[in-house]
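Here are my notes on this model, as numbered points. Please read them beside the structure.

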Amino acid sequence: MKSRFKAILIRKDGDKQSVDDVELALDDLMPGDVTVAVTHSTVNYKDGLALSGRAPIVRRFPMIPGIDLAGTVEHSTNRDFKEGDKVLLNGFGLSETHYGGYSEYARVKADWLVPLPKAFTPAQAMAIGTAGYTAMLSVLALEDSGINPERGPIVVTGASGGVGSIAVALLAKLGYRVIASTGRQHEADYLKRLGASEVIARSELAAEPRPLGKERWAGGVDSVGSRTLANVIASTSYGGAVAACGLAGGMDLPLSVAPFILRGVSLLGIDSVQMPMPRRKQAWQRLAQDLDASTLAHITTALPLSGVRNAAADIVAGKVRGRLVVEI
């Protein structure tokens, strides 16, 4: 184990936030019973918000950002993990209150770690990352609500982003007819290759929502929020369900109760950060079962730690397609 290591550090002085490449000592790490040599991380929309300071993601400064990590256990005082184990971690306050994945080392609680599924390399696990894990949680929630392929199509908003890309691929693999909504129509071929049967423009779901719209789909996976989510719900068929897992378009939700009391539509909230471990492991097991490695290769771009800040700016600006894997 090296005595000093490279990391990215966010500092704040008054209202001014700075992001720097730094070198730290092992003693600088936060408390935990497992030390992981990080090999890969990823850039999610939430990482973009943290690094840009556009939303109050970071709640403790200084902070090593990065809400995901994968790597190898270097040291453990917990009997559930031993040196050499391959592990992954997403959520549980990484990049918010606990040092995250943009670092060569991370010291974390064993209770937060998931053993790396044998189906994935660390790079593939981060090609999935929080975005893909959230997509799987959304699919599980739809299944639990009885939304199977026979019920009708599923709409996926923000479809060319990280959550959307993996949601499209998962749903198509499971036999659903997928309607992909995107603001980048030039990505239509990309989305159809992932399995989308139809690609619609984001503008179709951006208008002022009506209390009820024409019944168009049995359910949805929404990572956008605001008017988009309201319009998805308004056009969901009787007894349908929509999984809400993001806020790229805003935190507001301008809708009426009509879809809920006249059509029995369910709105399913998806939280990935504090998800209990049994459900977390179920999601990763299903990802190993239902997500093709070839799909991951198609949607993934690799970058070095030095490229994180530019990537974070791009993802907030809506310029990123698929998933970004950081090679530590």
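1. Six strands form an open sheet in the order S10-S9-S8-S11-S12-S13, with parallel pairing. Strands pair here if DSSP finds at least two bridges between them. Strand S10 (198-201) and strand S13 (266-269) are the edges, each pairing on one side only. From one strand to the next, the twist averages 20°. Helices (H or I, at least four residues) and strands (E, at least two) are DSSP runs, numbered from the N terminus.

2. This is a predicted model: local features need pLDDT of at least 70, side-chain atom pairs count only at pLDDT 80 or more, and totals for chains, interfaces and linings use all residues. Residues are numbered from 1 along each chain as its sequence is written, and side-chain values use heavy atoms, with hydrogens and water left out.

3. Strand S9 (residues 178-182) runs parallel to S10, joined by four bridges. Thr182 has Ala201 of S10 as its bridge partner.

4. H3 lies across S8, S9 and S11, at about 160° to S8. Axes are lines fitted to C-alpha atoms, for helices over the stretch in contact (heavy atoms within 4.5 Å). Angles run from 0 to 180 degrees between N-to-C directions.
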